[in-house]
Amino acid sequence: MSGLRSARGRVILVGVVLAVVLAGTATVAEAQPSELAGDIAAADRAAKTTLWLVIGLSALAFVVTAGAAALAVAVGRPLAALRASARAITSGDVKARVKASSSERMASLTRGVGEVADAPSPETEEYIAITNLTGDIIARLDKNGNWAFLNDAACQFFGKPREELLGADSRAFVHPDDLESTAQSIRETRARKALTTGFVNRQITPTGTRVVQWNGYPLFDEEGQYAGVQITGHDITERKRAEEALRTKDCAIEASIEGIALADPEGSLTYVNPSLLKMWGYDHDSEMLGKHVAEFWQAKEKAREVGRALRDRGSWVGELVAVKKDGSTFDAQLSATTVTDPAGRLTCIMGSFVDITERRRAVQALRESEEGHRELSDSITDVFFAMDRDSRYTYWNKASEKLTGISAGDAIGKSLYELFPEVKGTKADTLYQEVLRTREPRSFVNEYQIKGKNFSFEISAYPSKTGLSVFVKDITERKRAEEALRESEERYRTLFEQAPDSVLLIDGETGALVQFNDKAHETLGYTREELEKLKIPDFEAIESPEEVAKHIRRVVEEGADIFETKHRTKSGEIRDIEVRSRAVSVRGKGFNQALFHDITERKRAENLSRTQRDLGLALAATSGLEETLRLCFEAAIRVSGMDCGGVYLVDETSAELELAFHRGLSSGFVKSVSHYDADSANACLVMAGKPIYGRHQELGVPLDQAETQEGLRAIAVIPVPHDNRIIGCLNIASHTLHEVPDYARAALETVATQIGNAISRSKMEEALRESEEKYRKLVEDSIDGIMVAEGSEIGFVNQAALKMFGCQSEEEVVGRPFTDFVSAEYREMMAERGYARDRGERGPDRYEFKALRKDGSEFDAEVSISRVGYQGKVLRQAIVRDISEHKRAEEARQKAREELESRVERRMQQANDHGLTFRELTVLHLVAAGESDKEIAAVLGISPLTAHKHLANILEKMGAACRTEAGVRALREGLLD
């Protein structure tokens, strides 16, 4: 009989383990029934095989003892119940599964579980050993909710020995906020008498609060009375955190103002965010997804070039011309990078897009002017550089140059440790090496000091095929904001106070403000008590109360909405607001959670951008100074909200101020302020070069009766700069405003810069007209030969050129190709350089050749060829100089210099402890003066590579680590006196 009981115990034990496994399978099947159908079918077959095996063993036992029949019943019924549950799970029929689980066979199984758990026998130990094979929590609660059984994983999870846990109240480990929901799940399990899966709660453990997903089924005794519940749990804390982080990142990408797209390795789009759809003029992502990225660019070959760059370097930053849905084009800046998996395989391509059409237009306008800000687009991008696997720089953008003061030419080819020796062993160095080793991207925040200022940089390193791509974003201001936010959190200790924008919780039915942060009432100018009494229509400036109520209900029904509106503050000011609203449910009640982001400044910036664009277009179409001043003044009035003022110009000779344009001022006032001497207080105020904002009476300059009677209140005095000097002054004032608005100040300073460029251009155009009249005389009187050709034939030649080539009249030269006056050995070289120039390739500005006179004699000449535009034609202008005497003199000077340097060099080697040569001392002087290798090469007439070699020799002889140390030591040792 003891053997039969042992066999019966083992069968029950097998049944318990199968029940636990099938309970876990049911959970997975509910989550992904289609994916796991094959696995569950296999479980069904395994259960069926086990059933027949047990039945066969039972039959054999029947021959040995009459008690085998009872064993077959005790084992067969639970396994039949398990098989029925497996079939129900496979079919996805929840009701069928409940029915199978609630049958008497399942009851029999659960009673068997209770017997095994309670019996202090070898079967109990075997049961516990099997349940300990899984890493999940397996436990049983009695009818009072106390622990009746726990496996090793459960004891480890709760951090206590089994002896201390058994009999303890399981509710003591449940988070207080989850007690009610947990009790409800157990009550439902008991009421349904069936397997319950997937209920989640938080458990308090020694390592902190953990999130656990539970499966449970009820236990009943032989009389059918509730005896407890058998449960299995899986710790999903990390998964929950990962899901939350992923949702946060998805929201950030969706809300980004930059266009963001992902493409598969073949270049087909797999994701586009709303900003990118809007940028290209599409209504839905289905219109773009699946198409190749090249379809959205004007130059398909350029797009393929970007693809090649991504394959070779892993990243690409540049500009392309994009084609919108309607066929129109716009300029876009693309920052693209490849994304690889931990094995280094390319998984996708990520691109960030910014519409730079307006910026390109501004750049084009500036390029046409004398200044030409050609590096505009580069100056507004983040720092980006690339390194190979040996930590040598392979790319160094303009932002990197600006931040570090190191040019791309000096950086590329050098290692990280050559440029920044102090980085060795730091957090940045460790991160770079880890990314190279693991091929996984890494990011961190680094505190750094540059030029005496403290900066915070967010450094993101991405693996590429050749090494690393590193993006450095200046987050100094963001870090300061975060620090301020943390201080606010310490003061207020509330969730809403952490938000930088207004956050409100609105009742979905009544529209009442249930909760809001301090930012909400501060932005609107109310106290917290005042705002608590208001509803949205009380400060909404566009929608009616009915429309507001309808809008709130729509958000609750549809889930979310993003829109722009206007709010009226307590003082009556109208502010532009971007609203991000989403529906939330709190204890079954619908609410509208709204985030109000004040975009007033952004709107004003957009207005400024449009004004600048319109002003640039208008200025490009006018040439007169008076019209130029009128356009600039009207733009200043439009962006500032002021009502009067004028523009002064500085006399280049006397430095006096003259009122060149005015509007909105009385005649008496204009007469009083139309002229200021160079030494007057007003002129000194302007020439100081700093903008001044304040009240008219508080400027610090004397006011006469006419100026006092004008009644001006707020006034802005903005010097107009150009080419590092003050050329005028923009005075904008108001008869009504008491102060110049903050937003208007930056706008006025921006317009003042455009005014400077426009005034300079107008003056240049006038000067150009005057210079054109003098041009021919200057050309004719030039000592250099000047020849102008259209195509290959000479169309103009001055007297100096005729004399140089031994000709008497223009007829001997005009109409002939320039190569007729070039020695035969140089003709091919001259022709090839001409072809290269036609292809847009850049060549030397000037070069030497053998020229040919009319009589066939040769002479040394230097020529400078440039392309000039004249009356819509592209001409070549050649300036030729006879350098025969110059070359002979230069050869003589070179020989004398070499002899002198040789003598001095011997002397200098004896005059310093380091054995520096004359040339090395010369280079050291230039290094101490802050000259780069390229600049040193230009001064000494050598190549940059030779200059770099001289510097390397100096560092070696002096034992200096870098050029800065060498310069400091040279000064200290008196080598540069």
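1. The open sheet has six strands, ordered β23-β22-β21-β26-β25-β24, with antiparallel pairing. Strands here are DSSP E runs of at least two residues, helices H or I runs of at least four, both numbered from the N terminus; two strands pair if DSSP finds at least two bridges between them. β23 (675–676) and β24 (692–695) are the edge strands, each with a single partner, so one side of each has no neighbour in the sheet.

2. This is a predicted model: local features need pLDDT of at least 70, side-chain atom pairs pLDDT 80 or more, while totals for chains, interfaces and linings use all residues. Numbering starts from 1 along each chain as its sequence is written, and side-chain values use heavy atoms, without hydrogens or water.

3. Within the sheet, β21 (residues 644–650) and β26 (residues 725–733) run antiparallel and are joined by six bridges. Y648 has C729 of β26 as its bridge partner.

4. G413 sits in the loop between α16 (408–411) and α17 (416–419). Leaving out residues up to four places away in sequence, G413 touches R392 and Y393 (contact: heavy atoms within 4.5 Å). Y395 is 18 residues from G413 in sequence, and 8.9 Å from G413 C-alpha to C-alpha.

5. The largest cavity holds about 160 Å³ of space. Its lining counts 16 residues; I536, I552, F563, V579 and F596 are the closest to its centre. A cavity is a set of points on a 1 Å grid over the protein atoms alone where a 1.4 Å probe fits but cannot get out; lining residues have an atom within 4 Å of a point. Volume is the space filled by probe spheres set on the points, which are joined across faces, edges and corners.

6. α22 (545–558), β18 (560–568), β19 (574–586) and β20 (589–598) each supply at least two lining residues of the largest cavity. α22 gives the most, four.

Conventions. 1 Å grid on protein atoms, 1.4 Å probe; cavity = no way out; pocket = protein on both sides within 12 Å on 5 of 7 lines; lining within 4 Å.
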